[in-house]
Amino acid sequence: MSTPTSCPHAHDDAAYVLGALSPAERLDFERHLDSCDECSRSVRSFAGMPGLLDLVDPGVLEDPPVDPPLPATLLPSLTGAVQVRSRRRVLLVAGLAAAAAAVVALAVPAVLDRADTPVSGPGTSTSSPQPGSPGGGDEVETHAMAPLGDVPVEASLGLEQVTWGTRMLLTCTYDKDAAAVELPEQVDYLLFVTASDGRSEQVGSWTSLSGATMEVPAATSVPRDDIASVEVRTTSGRVVLRLDA
């Protein structure tokens, strides 16, 4: 079994997702993905990161802390081993991790008062212009998701086209008393996006409490026009809500 460090493209995953590779490097890496499961999994794990980075206030990066000076013996020992290209990749991944840590609190699902966020009936939609929205978005579409069968959950989904893909906000309400069978007080759900070419990716997860309305932020690198459907699934894989986008 190969290890991540044995792959010559081990540090290209984050740069690929963020669009930092040159056209030639990008083509080479995409060809490599067809034969490397490790890199493919890594790219999928970074898919939602552009959405998180879009939530970062640029002000937190304008005055970074000053690092203490390195020991005088360290740099000479590294000079012969570190190349310019690998150094650029490592710094990119480090910056990505730091920015993600800065916004992780913003990506946590929020509990709302149920009366404050009513969910529209299936098939309804609204559009709200968002002038000056961060990340290049200019309009949010809000659609009610259709239930698949008699399910104890309802939701509406906001979709916003941005420069790096699509930003989403799911408003979801779970009611264990809505079903004829006895259900638990809380249920774990997953949010999946399927692109028009058939690719499917998980972009969110949360725990719904009975009687509570949750706001779940999510993001995908798939452009708005390329999204074929969005689904809410249980952890066992059952689809309970669907939006044909």
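Let's start with the aromatic pairs: there are three of them, where rings of Phe, Tyr and Trp (its six-membered ring) pair if their centres lie within 6.5 Å, planes under 30 degrees apart counting as stacked, over 60 as edge-to-face and the rest as tilted. One of them is made by Tyr 174 and Tyr 189, an edge-to-face pair with 6.4 Å centre to centre and 70° between the planes. Tyr 174 sits in strand β6 and Tyr 189 in strand β7, 15 residues apart, so to speak a link between distant parts of the chain. Both are covered: Tyr 174 counts as buried at 1% relative accessibility, and Tyr 189 at 3%, where buried means under 20% relative accessible area, exposed over 50% and partly exposed in between (1.4 Å probe, protein chains only).

Tyr 189 also pairs with Trp 206, this time tilted, at 5.9 Å centre to centre and 40° between the planes. That pair again links distant parts of the chain, with Tyr 189 in β7 and Trp 206 in strand β8, 17 residues apart. Trp 206 is buried, like Tyr 189. Put together, Tyr 174, Tyr 189 and Trp 206 form one aromatic cluster.

A word on what you're looking at. This is a predicted model, in which local features need pLDDT of at least 70, side-chain atom pairs count only at pLDDT 80 or more, and totals for chains, interfaces and linings use all residues. Residues are numbered from 1 along each chain as its sequence is written, and side-chain values use heavy atoms, with hydrogens and water left out.

Now zoom out to the whole chain. It has seven helices and eleven strands, taken as DSSP runs numbered from the N terminus (helices are H or I, at least four residues; strands are E, at least two). Of the 245 residues, 38% are buried. The chain exposes about 14,100 Å², with carbon and sulfur atoms supplying 56% of that; such areas come from the Shrake-Rupley method with a 1.4 Å probe, and for residues only the protein chains shown count as cover. Take the contacts (heavy atoms within 4.5 Å) between residues at least 6 apart in sequence: 57% of them join residues at least 24 apart.

Leu 191 has Gly 204 in β8 as its bridge partner. The two strands make a hairpin with four residues between them, and Gly 198 in the turn has a positive phi of about 100°.

At the β4 end, two bridges join β4 to β11 in antiparallel fashion, and Ala 146 has Arg 242 in β11 as its bridge partner.

Covering residues 165-174, β6 has nine of its ten residues buried. On one side, ten bridges join it to the antiparallel strand β5 (residues 153-162); Glu 160 is the bridge partner of Arg 167 there, and the two strands form a hairpin with two residues between them. β6 also pairs with β9 (residues 213-220), antiparallel again, through eight bridges, and Met 168 stands opposite Ala 218 in β9.

Leaving aside neighbours within four places in sequence, Met 145 contacts residues including Leu 157, Leu 170, Val 232 and Leu 243.

Leu 33 takes us to helix α2 (residues 23-33), where Glu 25, Phe 29, His 32 and Leu 33 are buried. Seen down the axis of α2, these buried residues fall within an arc of 100°, so they line one face of the helix; the arc is that of the directions from the helix axis to the C-beta atoms. The face turned away from the buried side carries the exposed residues Pro 23, Ala 24 and Arg 31.

Key:
Pairing = 2+ DSSP bridges.
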